[in-house]
Amino acid sequence: MQAWTLKSFSEQVLRMRLGKPLVFAACLVPLVCYGYWFFTDSLGANPIEAITRRAGDWALRFLLITLVISPLRKLTGWHGLARYRRMLGLFAFFYVCVHLSLYVTLDKFFDLAEIIEDVIDRPFITVGFIAFVLLIPLAATSTNRMVDVLQHRWTQLHRLVYVVAMLAVLHFWWMVKIDTREPAIYAAVLTGLLGFRLTFYLKRKLQETG
Amino acid sequence: MLLKTTRAYDIHESQVTDESLYRARRKFMQGTAALAGASMLPAASLWPGPARAAINFGDIEKSEFSTAEELTSFEDITSYNNFYELGLKKGDPKRNAHRLVTKPWSIQVDGECDKPGDYDLEDFIPTPKLEERIYRLRCVEAWSMVIPWVGVELGPVLKRFEPTSRAKYVQFFTLYDPKNLPGQRRSVLDWPYREGLRMDEAMHPLTILAMGLYGKELPNQNGAPLRLVVPWKYGFKSIKSIVRIHFTESQPATSWNQSAPREYGFYSNVNPAVNHPRWSQKRERRIGEILKRKTLPFNGYAEQVADLYAGMDLKKLF
């Protein structure tokens, strides 16, 4: 019988059959909360702006959570975490879609001319829109079948998420009027996550050549 | 088509004319007036006679300049504020409102005028008689409200300080009190907040100094005890909690213009034809409504104010 260790315990938890449904439900919590607050009029004087921004916040948070998985796995050895990465990435895409739909419907009321003007003329919307477009192929290739079909190119393709995350932070940064504290926090977290990968990559290169 | 949500607070409007409230307020104000008259002498007085009656919220005149549009609720007007001295988020000013100390309050008047000095608030206001002005307020962030301000026209107030012929502009300053005002401990703007108007804009009958809203004294988060309201300009021109008025010959510095000249001009008239570099100004969300409505030139006050800008290229002088 295997000796009890924190690692084996975590692995067992992470590999529980209930794990995925639980994480799935947890990912829906922001949607349910903000939906409830919206319809009970508890989001202040400008509820539409509030839900649009909060959807954007959660899209960005899920992007970063997705990017936490690999470093966390390497640091802790909890390989069971990998099961959740695609689901978390898809939730990032889901909240991006909510964010974008709220903008298209309640902010612009399907005024295509104005939306195009926004995308072209306003840099923060330009980068936000590019981030959305780049996420589409990632979401579309998130099935097991596509992983098999694309093989090593799947991994290459999904590195696009680094670009998407950078654009998303930039989108937030350029949007705020003057107070950059919040986007600065996201930028710091992202820098840490990408920095970890870079260090890891360089170390491996050095070992290979050395 | 515009969809209008009916909200629980819509009934709050009835509070405007609540008589018992008015009476209680009047009684209170009379009491404080007697106290003030007995115990304090203003630093400088424009008034030859004995102590004046206090500002009177019990008897507010209606105005022909008021719009008949549906009022934004008291709750929304007082909980969704841009007042960076009290915090950067919309809900912060209400939460931190108690940090703004409004009593006693005096206003320093200086620059190109014959009657400079420090004036107590009650001495500064030429008449105890207040007017209600229901104005649209259009924020540069593309949202708007309809607010029943209570105050006096700015023009007659300024005239009493006898601005000289060199007074072409008037500049306003907000209280600088970083010990109490949390926002001023961070350098998001170059404190104190300052704003300015051309003299003819300041003298325009639509321009008011507000001391109240919804028939009551201004809540601190809305710029108590005294703020400017210029309804045809973006909201940030309507400077809050004024402590200094400075007459000047040259165009004065204004805070948002200093902070981002490409985004915020000195004039900042509401203009759907000139977009903010980061968002469109064609439409606005009236607080309480779902879909955006069209933004009107000069916030719908073009008929009264457009001629102030005759011959000016408002795309350049935005």
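# Salt bridges and helix packing in a predicted model

Me: What relative accessible area does A:Arg61 have?

Reply: A:Arg61 falls in the partly exposed class, which lies between buried (under 20% relative accessible area) and exposed (over 50%), with a 1.4 Å probe and protein chains only. This is a predicted model, in which local features need pLDDT of at least 70, side-chain atom pairs count only at pLDDT 80 or more, and totals for chains, interfaces and linings use all residues; side-chain values use heavy atoms, without hydrogens or water. Residues are numbered from 1 along each chain as its sequence is written, while chains are lettered from A and ligands numbered from 1 in the order in which they are written. The relative accessible area of A:Arg61 is 26%.

Me: Which residue forms a salt bridge with A:Arg61?

Reply: A salt bridge is a side-chain nitrogen of Lys or Arg within 4 Å of a carboxyl oxygen of Asp or Glu. The closest N and O atoms of the pair are 3.9 Å apart, and both residues lie in helix H3 (residues 47-76) of chain A, four residues apart, about one turn of the helix; helices (H or I, at least four residues) and strands (E, at least two) are DSSP runs, numbered from the N terminus.

Me: How many residues apart are B:Lys62 and B:Glu132?

Reply: B:Lys62 is exposed at 65% relative accessible area, whereas B:Glu132 is buried at 9%. Their side chains meet in a salt bridge of 3.4 Å, N to O. The pair links distant parts of the chain, with B:Lys62 in the loop between strand S1 (60-61) and helix H2 (74-77) of chain B and B:Glu132 in strand S4 (residues 130-138) of chain B, a separation of 70 residues.

Me: Are H3(A) and H4(A) roughly parallel or roughly antiparallel?

Reply: H3(A) and helix H4 (residues 85-107) of chain A pack at about 160°, with axes 8 Å apart; axes are lines fitted to C-alpha atoms, for helices over the stretch in contact, and angles run from 0 to 180 degrees between N-to-C directions. Angles under 35 degrees count as roughly parallel, over 145 as roughly antiparallel, 65 to 115 as roughly perpendicular and the rest as oblique. The angle therefore makes H3(A) and H4(A) roughly antiparallel.

Me: What is the handedness of the crossing of H9(A) and H10(A)?

Reply: Helix H9 (residues 160-175) and helix H10 (residues 181-209) of chain A pack at about 160°, with axes 9 Å apart. A crossing is left-handed if the near helix is turned anticlockwise from the far one by less than a right angle, and right-handed if clockwise. For H9(A) and H10(A), the crossing is left-handed.
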